Amino acid sequence: LWKSVGDEGGQATMVSRKSRTSFGVTLEENLLPFLVKSCIESLNDVSWSRRVAACAALIDLAEKNILAPVPRQTKLDSSNKDFLRRAKRRAQSSFDILTVCVRMIVKNRHWDGKADLVKAAVKIGCSWSAVASLYDEKQWAVFGWDPENDVKNNRKPYVPVSLDSDSPNDLFRGDRWFECDLEQEANIEDNRAEDDIKESLLVDNTDSFTTKDCALNFDEVDSIPIEETLDSALPCTEDSPSNAKDDFKSVTLAGFCRALIYQAIRNCKKTFSTVHDNDSLLYRAACLQGAADMLKSLHSSVDTELTRLYAHKQVIYQAIVSDLTEVVYENTNTTGPTQKSDKVPPLIVAKCIACISSTFWKDIGKPSESVSTDVSKTLELFHLNCGGKQPAWTVREAAAFGASKLARYVCVEQLKKVRTVETLIDCSVQCLKDKKFWRVRLAGLCILKSLSDRVSQKGNIDEQERQVIFEALLPYKEQIIKLARRSLSDNESKVTAIGSAICGAISWWP
């Protein structure tokens with residue numbers, strides 16, 4: 001019965017509307033403001049089980065692309081009122097719930113299920129990161145911005161995730177969150193949270209979650225006052241500019257990634273998270289994986305937008321890579337005396353390497369770049385963790401995939417160096433020696449595949465640069481073919497598939 005209600009409830013809610021033109025809308029989208037309001041109330045609840053249930057609901061809505069931009073249909077006018085209403089509903093709901101999730105993540109308090117909160121926030125953020133680079137007002141229809149009415153009312157659109165920021169130290173636009181004393185602010189928020197819990201225990205909260213037994217008015221679904229519930233969830237200080245009700249401060253993608261990484265690593269220069277023991281390992285891994293997923297979601301098919309995305313990745317790279325590299329070196333440093341309790345878990349090291357590789361952009365290491373990047377040092381870090389001295393296979397796999405991505409995006413000036421090519425091939429050789437874990441061998445072959453693809457990319461690269469790369473890799477043709485043919489007899493089909501692709505790609509080389 002409830003499955004039938006869920007499948008056909010969307011059209012049933014449209015029948016109760018005065019305007020019945022938007023058919024095909026799911027039940028979750030029609031009820032989205034009610035669902036978001038209920039999830040915000042559950043996230044603010046003292047019960048951890050209710051918070052986890054709210055996170056599961058948010059993850060489900062994000063996976064169904066409900067907390068995401070409206071899919072654009074063919075031959076649909078962006079000024080269509082129904083389209084703008086749906087887009088505004090999704091944008092405002094995503095903006096409200098993402099703001100609450102981010103502010104709960106940066107709190108210093110850890111609770112069981114907080115990893116699910118990170119996953120929910122990341123899924124929502126990744127859904128909106130594809131449109132985060134839209135700066136033209138003509139493209140703001142995806143946020144439900146109506147140029148006729150909103151310009152007169154001087155209303156800005158609800159942008160859940162933004163790339164436009166005045167400072168790289170912003171968590172929300174203009175708040176300079178990373179410039180303040182984060183540890184002191186986190187302690188203040190912990191004290192406020194304890195006071196809120198004590199007050200809530202003294203009051204009977206059963207009436208706050210009861211609803212009236214009456215029919216819902218779906219014509220007023222887009223005018224639900226979520227702001228009151230939202231304001232109660234914001235842990236900003238009284239002097240913070242983020243408390244302005246009419247000022248919609250979006251979450252910055254760079255700030256969100258930095259906040260997630262600072263929650264996971266412990267030797268950061270401005271560490272403010274107290275969750276560094278093995279009990280919070282899943283939470284720390286979820287934070288690092290979330291930051292990597294957010295960075296991987298930065299893609300576009302427009303050249304002008306790609307330029308902005310690459311510039312944004314450079315800012316993020318400059319802000320986080322030094323701290324992540326320090327964590328990885330702490331794990332690989334075997335010369336000095338290290339206590340067992342101080343050693344970083346291999347899962348965290350692997351996720352740190354994945355975050356480093358996710359910040360790479362096209363032609364990284366170019367001398368004309370505004371951000372100085374030491375590609376040789378990063379490659380040496382990957383090479384150090386690909387060898388047999390690294391006992392954790394997850395770290396070896398992550399390092400090999402990082403070297404593969406670096407080989408795909410490194411500039412020609414760096415790739416034509418003999419030392420760079422030999423180091424990349426040696427990373428592949430060390431990974432292919434692993435007879436136990438096929439995923440490590442697969443990652444090692446991906447390095448050779450990235451090198452061969454740099455030569456075969458005819459339309460995506462300048463012919464002169466392609467010739468330079470070809471001349472740099474040609475002396476290593478026999479070694480690459482030998483490694484690829486050896487993998488053809490592997491027991492894992494995925495390994496043999498990549499080996500066959502490498503042999504086919506370099507078969508025409510002289």
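This is a predicted model: local features need pLDDT of at least 70, side-chain atom pairs count only at pLDDT 80 or more; totals for chains, interfaces and linings use all residues.
Residue numbers start from 1 along each chain as its sequence is written. Local features need pLDDT of at least 70, and side-chain atom pairs count only at pLDDT 80 or more.

**Exercise 1.** Find what span helix 17 should have, and check it against the end C-alpha atoms.

*Solution.* Helices are DSSP runs (H or I, at least four residues), numbered from the N terminus. Helix 17 covers residues 418-432, which is 15 residues. The expected span is 1.5 Å times one less than the number of residues. That should give 21 Å; the end C-alpha atoms are 21 Å apart, so the two agree.

**Exercise 2.** How many residues of helix 17 are buried, and which helices do they pack against?

*Solution.* Buried means under 20% relative accessible area, exposed over 50%, partly exposed in between (1.4 Å probe, protein chains only). Eleven of the 15 residues are buried. Among them are Val-421, Leu-424 and Cys-431. The buried residues pack against helices including helix 14 (375-386), helix 18 (438-456) and helix 19 (463-473).

**Exercise 3.** Classify the ring pair of Phe-470 and Trp-508, then place each ring.

*Solution.* Rings of Phe, Tyr and Trp (its six-membered ring) pair if their centres lie within 6.5 Å; planes under 30 degrees apart are stacked, over 60 edge-to-face, the rest tilted. Here the centres are 5.8 Å apart and the planes at 10 degrees, so the pair is stacked. Phe-470 lies in helix 19 and Trp-508 in the segment after helix 21 (493-505), so the pair ties together parts 38 residues apart in sequence. Phe-470 counts as buried at 12% relative accessibility. Trp-508 is partly exposed, at 42%.

Notes:
Side-chain values use heavy atoms; hydrogens and water are left out. Helices (H or I, at least four residues) and strands (E, at least two) are DSSP runs, numbered from the N terminus. Contact means heavy atoms within 4.5 Å.
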